[in-house]
Amino acid sequence: MKTSFLRGLLALLTALLAFSAQALTQPQARAIADGDNDTRAQALIEAVAQNGDATLAAYVQALLDDAVRVSADRVFIVRKDGSAVDAATGAAAQLPGDAQDVTNNNRMRRELQAALAALNLFSPERDARAAAIKALADEVDDSKLPLIDKAYAAETDAALKERLGQLRAYVLVASPDRNKRLEAAQQLAGSGEPAVRALLLQRLEAETDPELRTVIASAITKVESRLAWGERAGVLVTGFSLGSILLLAALGLAITYGLMGVINMAHGELIMIGAYATYVVQNAFRAWLPNFFDYYVLVAIPASFLAAGLVGAVLERLVIRWLYGRPLETLLATWGISLVLMQGVRSLFGAQNVPVENPAWLSGGLALASNLTLPYNRLAIIVFAGLVLAGVALLISKTRLGLFVRGVTQNRRMAACVGIHTARIDTWAFALGAGLAGLAGCALSQVGNVGPDLGQSYIVDSFMVVVLGGVGQLAGTVWAALGLGLLNKLLEGWAGAVLAKIMVLVFIVVFIQKRPQGLFALKGREA
């Protein structure tokens with residue numbers, strides 16, 4: 001019964017607020033358009049607090065569009081076709097010859113934008129009110145307190161009401177009333193915004209009341225705790241994202257080096273070819289299928305795999321097949337091939353980086369906290385790496401080709417004796433590893449620059465992942481990639497990017513000295 005009464009009272013207050021709203025008048029319109037900035041801003045705040053109709057919103061938008069003229073006694077809005085209407089009533093009017101343009105400096109434009117957002121505080125749409133609160137937070141001050149109070153009283157959504165309460169507290173924390181400062185500090189303690197922390201630190205320096213200083217200090221500690229958890233979660237997410245990228249880059253090398261024993265120094269350039277294949281597909285969609293541009297990545301994935309796989313097959317047939325069992329010659333030959341591939345790309349596409357645009361569904365991010373946003377392209381790469389890993393694991397363990405590859409790599413002579421065409425399997429295996437490198441290039445094109453030197457940034461890291469995980473061990477590659485990604489990001493926050501790389505390299509050298517087989521050693525017996 002009590003709850004029903006309170007709900008009825010709230011509905012009555014809301015109705016009274018709506019009833020008390022007045023239409024925009026000519027004196028109000030003139031006060032907003034003419035005078036010094038302080039007077040105009042105050043008139044704007046009062047008008048927004050008193051009026052909630054569409055006429056005021058249209059007038060504010062016209063001011064932002066520089067479409068308002070002021071005469072001796074009236075204010076006009078000039079439409080795009082040159083006709084004029086009365087700013088207060090919206091009725092058609094004749095624009096007098098003495099009408100002057102209204103100019104707005106940057107400060108006044110910010111006030112107008114905040115006012116336009118504030119009008120949406122009373123929108124029936126929740127999303128519109130949420131967007132208005134977010135926009136108003138950037139320009140909140142004590143002049144907007146009556147408007148915030150009115151919106152706070154009318155708001156029915158609990159989450160939005162809490163955010164409005166924090167806006168009120170943001171203003172009241174500097175109030176001359178001690179009790180209001182105390183209430184504001186206690187309410188701001190539940191925030192996780194960096195701006196709130198800065199505000200509380202500023203208030204702590206200015207506060208003289210011992211009890212209030214204790215409350216503000218406690219609020220700062222709570223806010224910093226929330227921010228610290230956001231930063232830790234951000235490090236874990238970025239480390240996992242980097243690990244997924246390293247996994248994609250190293251999966252192909254796990255086959256060509258881990259299973260076949262080929263030290264392929266051109267692996268980075270195969271990654272680069274996959275990225276450029278994505279660039280070509282993107283340009284083709286932009287030129288011939290612009291309406292389907294957001295889906296070009298779905299075509300770029302198989303295109304990058306086939307482009308890099310075809311180059312890998314050609315390399316194996318023409319060069320690498322003659323160098324099996326000769327690691328030094330293979331290293332030198334593939335290093336030379338990497339230079340040829342880089343120069344070929346420079347000749348075709350130029351030496352500068354080429355632009356690869358994210359589709360709309362990979363743009364933006366998921367905001368989990370004020371200092372933690374998960375970019376959609378990074379999340380997509382994590383999912384993509386998992387799918388590619390699952391596909392490779394099934395291919396190697398469950399298919400006929402995977403059986404032949406494992407047979408040839410474990411005992412080439414015995415595989416040939418039972419009728420396996422070992423030279424053909426070598427070509428297919430190397431092409432598979434190259435194709436996986438192309439998939440890594442496709443993924444990398446969505447998070448970084450695409451240029452001739454793209455692969456050089458990942459070739460060393462890819463070898464470190466394969467060696468650390470254990471040669472020929474897919475599970476080891478996964479754990480090594482994710483572990484190195486997390487370790488790298490954790491050390492970057494502590495020692496910086498350069499020192500972090502050095503420390504990771506030292507760790508791997510020491511680890512390999514103690515455990516030469518890597519994390520997962522090959523199990524078996526020799527005849």
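Is N488 buried or exposed in this predicted model? N488 is buried, with a relative accessible area of 6%; buried means under 20%, exposed over 50% and partly exposed in between, using a 1.4 Å probe and protein chains only. The model is predicted, so local features need pLDDT of at least 70 and side-chain atom pairs count only at pLDDT 80 or more, while totals for chains, interfaces and linings use all residues. Residues are numbered from 1 along each chain as its sequence is written, and side-chain values use heavy atoms, with hydrogens and water left out.

View 1. Leaving aside residues up to four places away in sequence, N488 touches L242, A500, K501 and V504. Contact means heavy atoms within 4.5 Å.

**View 2. The aromatic pair of Y257 and F463.** The structure holds 6 aromatic pairs. The Y257 and F463 rings are edge-to-face, 5.5 Å centre to centre with 70 degrees between the planes. Rings of Phe, Tyr and Trp (its six-membered ring) pair if their centres lie within 6.5 Å; planes under 30 degrees apart count as stacked, over 60 as edge-to-face and the rest as tilted. This pair links distant parts of the chain, with Y257 in helix α11 (residues 210–259) and F463 in helix α19 (residues 459–469), 206 residues apart. Y257 counts as buried at 19% relative accessibility, and F463 is buried at 15%.

**View 3. The aromatic pair of F507 and F511.** This pair is tilted, with 6.0 Å between centres and 35 degrees between the planes. F507 and F511 are 4 residues apart in helix α21 (residues 497–514), so about one helical turn separates them. F507 is partly exposed, at 38% relative accessibility.

**View 4. Charged ends over rings at Y152 and W229.** The charged end of K161 sits over the ring of Y152, 4.2 Å from its centre. R232 places its charged end over the ring of W229, 4.8 Å from the centre. A charge sits over a ring if NZ of Lys or CZ of Arg is within 6 Å of the ring centre and within 35 degrees of the ring normal.

**View 5. The buried face of helix α16.** In helix α16 (residues 400–410), the buried residues are G402, V405 and V408. Seen down the axis, these residues fall within an arc of 130 degrees, so they line one face of the helix; the arc is that of the directions from the helix axis to the C-beta atoms. R400 and Q410 are exposed on the other side of α16.

Terms used. Helix = DSSP H or I, 4+ residues; strand = E, 2+ residues; numbered from the N terminus.
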